[in-house]
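Open the model in your viewer and keep the selection tool at hand. The tour below goes from one selection to the next.

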Amino acid sequence: MPMPRRPMARLLLAASLLLPAWSVPARQADPPSAPADPLAASLAGEFALQDGQLEEAARGYLAAARAANDPVLAERATRIALLAGDDVLLRGAYEAWTAMAPAGDDMQRTVAATLAMRSGDRRASRKAVRALLADESEGWKNVLAAMMAAVGKQPALVVGLLEEVVDDGDLPDSLEPWLGFGGFAQRLGQPKLVERIVAQVVAKFPGEPRVVLLRAQLLREDGKLGEARSVLAGLAAQPTLPPPLRLSIAAEYDALGDPAEAARLLAQGPQDDARYGQRAFLLDKAKDPAGLAALYEELKAGATHPSPTRRLLLGQVAEYLDRNEEALAWYQNVPGGEAQAVANLRRASVLHALGRKPAAFEVLRALQSDVTVEDQAQRDAYLLEAELRLKDGDAAGELDAYGRGLAAFADDKALLYSRALLWERRDDIAKAEADFRRILVIDADDVDALNALGYTLADRTDRYQEALQLIDRARVAQPGSAAIIDSYGWVLFRLGRAREALDHLRQAYALQADPDIASHLAQVLWTLGRKEEARHYFDEARRLDPDNRSLQRALRETGA
């Protein structure tokens, strides 16, 4: 999996999980045999949490909550138990919480729904879903949150509930819930259900542009590119398109492999520097030098006295056109301030591209020593120098750039993180670990470093239990991150717990269609002997990124 290993998406789960106790079946966690000291128990829970021992952390907080009759501690125990995956423990924490705070809230109702689904009780799950949907404004989000938390353990039940909600017309009469459930059904690989959702959405919201856009997206993903293009053309032909919708249509044309049409569409309507920048990117992607040249002239003609931002943009377009000398002139004429620092970074890149490498590094050295610029710009000059040294194959120079950067900006997390990636590329895992751990000394709760170190240990060493603890700490901080859920599934797989891993990888992919996750999911399915399904996810990973490192490794290891 390519690094950096950063969070992909945050679950709607912030509103969270639960339902009244009548909907929660099955046995309870055993109560403690003797009253605990609240402070000692909560401290034990916190220390266990810092060590990534989620079950022990949940038990500690639950014991403290019971001893102090504190609903806040009981809620914390419930949230941690939800991540620990022990549903008996989760049920005990949930029931303690609801006993202490019986009024109930969205989080409680969502947790109750999650418990019902995870236990496989279809009837209780349906009641829980109906209770959540009674809140017509936000209830559908909580239903989705509960389904996402349960889909790993009970995929068939979740799909069945999803079908019932859609076919029974239980969703509110507004577009967003239908689009949300349609996207979830699509990520679960349920094309027939997606078709039914789209049919109902079209009937309920005739002429709604976002529905038309959804149809085009689904046609594209089904491989019906001509039909998708036809639907988009009809939508784009409307005389008035709100700017956000125009951007969405352009993005869909780009996804269809037609960045030129996307740029043409963005050329209509009011223009600003952001829109010009998007057009330039698309025209460069379309390999349309004539279009870029026309845009370049348009930008120059429209600015007698160009602003610093416009000069930066002109330099960028000149770069796209390989007019590097003109790009240098634009960058050199950006006035002082933050824009000038950015221009100098770009100027160094252009000089390097022109083969004037000593001059490029001289610009960066000047920026690194310029005390009048913002610290971030100085720091970025070290990062860019390391990147250019890497392009040159200058391993010593790359490492030296990081060393000097850290001498100037001791313990800068971005520099440490990037240097850790250097060590990982060089297979020096001990040094990569040292830099990740240095970040954690500075900020013990840095989620990126926790996840990156945990994933690295899981992927490149056999220290799986240690990796698990680090990833669990990241899961507590960001329970809805697809990247972290993927890391968790991957370390379970490396621990030999392939069936458990599959549950979490399915959940991660339901949250985010990503080539790393698809590759991991495919490898686990292949290992479990489900090769036809594995091939589907290998194909998905290829579609998303054929050069993906996780994909290439999985193909080698499975022989697929």
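Start with Glu 540, which sits in helix 30 (residues 531–544). Keep in mind that this is a predicted model. Is Glu 540 buried or exposed? Its relative accessibility is 18%, and buried means under 20%, so Glu 540 counts as buried. Show the side chains of Glu 540 and Arg 543: a polar contact of 2.9 Å joins them. Leaving aside neighbours within four places in sequence, Glu 540 is in contact with Tyr 509 and Ala 518.

Next, select residues 413–425, helix 23, and residues 429–442, helix 24. Their axes come within 7 Å and cross at roughly 160°. Angles over 145 degrees count as roughly antiparallel, and helix 23 and helix 24 are therefore roughly antiparallel to each other. The crossing of this pair is left-handed. On helix 23, the contact is made by Lys 413, Leu 416, Tyr 417, Arg 419, Ala 420, Leu 421, Trp 423 and Glu 424. On helix 24, the residues in the contact include Ile 429, Asp 435, Phe 436 and Ile 442. Coloured by class, the contact of helix 23 with helix 24 shows 10 nonpolar, six charged and no polar residues.

Last, select helix 5 (residues 106–118) and helix 7 (residues 139–150). Here the axes come within 9 Å and cross at roughly 40°, so helix 5 and helix 7 are oblique to each other. Helix 5 passes helix 7 in a right-handed crossing. Among the residues making the contact are Thr 110, Ala 113 and Met 117 of helix 5, and Asn 142, Ala 145 and Ala 149 of helix 7. The contact of helix 5 with helix 7 comprises seven nonpolar, three polar and two charged residues.

Conventions: Residues numbered from 1 in each chain as written. Predicted model: local features only at pLDDT ≥ 70, side-chain atom pairs only at ≥ 80, totals over all residues. Heavy atoms only, no water. Axes fitted to C-alpha atoms, helices over the stretch in contact; angles between N-to-C directions. Helix = DSSP H or I, 4+ residues; strand = E, 2+ residues; numbered from the N terminus. Parallel < 35°, antiparallel > 145°, perpendicular 65-115°, else oblique. Left-handed = near helix turned anticlockwise from the far one by under 90°. Contact = heavy atoms within 4.5 Å. Nonpolar A, V, L, I, M, F, W, Y, C, P; charged D, E, K, R; others polar. Buried < 20%, exposed > 50% of the residue type's maximum accessible area, 1.4 Å probe, protein only. Polar contact = N/O pair within 3.5 Å; in protein donor to acceptor, adjacent residues only side chain to side chain.
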